[in-house]
Amino acid sequence: MTLLDCPYRDCPGCPARDSSYAEQLEKKRSRLLAALARFPSLAGLAVEPIVPSPHITGYRHRAKLPVLECEGQVHLGLFAATGHRVLDTPECPVLAPALREALSTLREFLAARGLAAPEGPVAAIDARLSSTTGEIQLALACRDGSLPGGEEAARELLAAVPGLTSVALSRADPRGVRVLGSQPRVLAGSPSIEEKIGGVSLGLEPGAFFQVDPRRAAVLVGLVAGALSGCRRILDVYCGAGTYALALASRAEEVLGLDEVAASVESARSAAREAGLEGRVRFVQGQSEKLLGHGAVRESAWDGIVLNPARRGSDPVTLAALAQFKPRSVVYVSCDPETLARDLDTLHWRGFSAQRIVPVDLFPQTWEVETVAVLSAGERPSFPATEGLVPGGRAVDLPPWQSAPEGTAFEPPAGASGVAVSGPEPDSVKALALVRGRTRPAQELRGGGYRRVEEIAGHSLVRLEARPATLRHLLTSLARTGHPVLGDPRSGVATCRWFRERAALVRPFLHIEEASGPGWQVTSRGIPGDLAIALDRLRGSGAQSEFGSGS
């Protein structure tokens, strides 16, 4: 049994280091299986054996790290697992050796010139090593968006750090959550560094997304390309630097890539020009959920779609828009098993079934796992029946964001899930909701009442009871007393964003558990998988940031 030899026991970067690599692979696959099992629609899906990594140390070619001067020494490392200390990890065993060497010289440079926070301006760095050329790209995140000495200091840094060919500057995120708070601009050196995946050369600009181990990206490209081999028009959503779009362009008639990160789109466009593929592949910058309704996207009949979202996954608006294109095949590349399962469930109810699920290990020494899911289009399935019967009618357990069958007398509010009844209208409904803040133990309000069943991360899980016609009044009353349903727009844009990132919650946390009338009662078959995942994450430890994630 080989364990990681690492002296930094308080570093959270490698939580699986005390397990053998075989145990790590087994637990990663088990995590994926457990995530899928939360959704009855995904029960029984076959998951292939995990594809292992040949590099379990020295594999990380990118490092996003906070910077802090402490007692005369510059610390360059992740935040400690406990407290808010910045660790100093000069011998980090999972960093590529050339990157580790460059960071040691950078540490000396920052110390000699007094540039490290809190007294100096540099609060964080983003360093990337090309596996193709050995070039290193560095972005400095400074608190006020400026570097003392400007371009001259950047040129001195180029001369001092071995392999460094590009120095960029960004304004640091004042919240300390993101490394690069603003789009970086190059101060000195090359505007990009070259990375090659298969036969495709990419010019990666500072801030552009790319896998932390470029050597493993080829495995993902092979799986994606194989799944879409018969598709002629391909839409690549969350395309990043264009890895998949460029690889597919040589065999497809038309490829369009969408991404909201300007640096990624510029990198992709530059690579397309260099490869002479401009006539076959295009890239558009913007948010996918907005771009999918525009003419540049809707004018083509896409028969293949690639989805490669960030850890938070996609969203119901984007998935609904993609389903309207009626593609023959969809390939979803995910770095988070729980949000993957959530989105596969959403696509299932839109008529797309998973045909192949392949986990791939890109992050040894962590519990993170990449997954490639291949889906094909088919008929939209019928909604499952509830427990119990409705005299002269029917009740179904409606998944979130789905339209109830015609003739429905009661259905959950938009985005919610649970019991929908056709035939007689129920006299009473009961629902489970997670609302902002700490409520009273129980209360009667306009429209109905509630009882608090649990406090979770400072918020309240409540059971509501109301008449169908007054349920919305009850929800409005809760919002007006400071307790809106989390995930509902009335809880605020910032709150919705936080719960999407923190708890994978992409819709109102509201589930209709029961509906009843004279002599009858129907109940939901249980809390939906996406809400169960949100509860699990909220009950867990503190919020993630880029400084502590496995990706």
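Helix axes here are lines fitted to C-alpha atoms over the stretch in contact, and angles run from 0 to 180 degrees between N-to-C directions. On that basis, the axes of helix α12 (residues 493-503) and helix α13 (residues 529-539) come within 9 Å and cross at roughly 85°. Helices (H or I, at least four residues) and strands (E, at least two) are DSSP runs numbered from the N terminus.

The model is predicted: local features need pLDDT of at least 70, side-chain atom pairs count only at pLDDT 80 or more, and totals for chains, interfaces and linings use all residues. Residues are numbered from 1 along each chain as its sequence is written, and side-chain values use heavy atoms, with hydrogens and water left out.

- W498, F499, R502 and A503 of α12 meet I533, A534, R537 and L538 of α13, where contact means heavy atoms within 4.5 Å.
- The residues of this α12 and α13 contact comprise 6 nonpolar, no polar and 2 charged. Ala, Val, Leu, Ile, Met, Phe, Trp, Tyr, Cys and Pro count as nonpolar, Asp, Glu, Lys and Arg as charged, and the others, Gly among them, as polar.
- Helix α2 (residues 97-112) and helix α3 (residues 150-160) have axes that come within 10 Å and cross at roughly 140°, which makes α2 oblique to α3.
- The α2 and α3 crossing is right-handed; a crossing is right-handed if the near helix is turned clockwise from the far one by less than a right angle, and left-handed if anticlockwise.
- On the α2 side the contact is made by T105, L106 and F109, and on the α3 side by A153, E156, L157 and A160. These residues divide into 5 nonpolar, 1 polar and 1 charged.
- Helix α1 (residues 21-37) packs on helix α10 (residues 337-348) at an angle of about 35°, with the axes 8 Å apart. The crossing of α1 and α10 is right-handed.
- R31, L32, A35 and L36 of α1 make the contact with P337, E338, L340, A341 and L344 of α10. By class, the residues of this contact are 7 nonpolar, no polar and 2 charged.

- Helix α4 (residues 214-227) has 14 residues, which at 1.5 Å a residue should span 20 Å; its end C-alpha atoms are 21 Å apart, which agrees. The expected span is 1.5 Å times one less than the number of residues.
- P214, R216, A217, L220, V221, L223, V224 and A225 of α4 are buried, that is, under 20% relative accessible area, with exposed set at over 50% and partly exposed in between (1.4 Å probe, protein chains only).
- The buried residues of α4 pack against β7 (193-197), α5, β12 (304-307), β13 (329-334), β14 (352-360) and β15 (370-377).
- In α6 the buried residues are A263, S264, V265, S267, A268, A271 and A272. Their cover includes β8 (200-204), α5 (243-249), β10 (254-259) and β11 (281-285).
- G276 follows α6 and has a positive phi, near 70°.

**Loop residues**

- R467 sits in the loop between β22 (459-466) and α11 (471-480) and counts as exposed at 53% relative accessibility.
- Leaving aside neighbours within four places in sequence, R467 is in contact with D427, V429 and G447. R467 and V429 are 38 residues apart in sequence, while their C-alpha atoms are 6.0 Å apart in space.
- A117 and P118 are joined by a cis peptide bond, with omega about 10°. P118 belongs to the loop between α2 and β3 (122-129).
- Q365, in the loop between β14 and β15, is a residue other than glycine with a positive phi, near 75°. At 3% relative accessibility Q365 counts as buried.
- W401 is likewise a residue other than glycine with a positive phi, near 65°, and lies in the loop between β16 (394-398) and β17 (408-410). W401 counts as partly exposed, at 37% relative accessibility.

Terms used. Angles under 35 degrees count as roughly parallel, over 145 as roughly antiparallel, 65 to 115 as roughly perpendicular and the rest as oblique.
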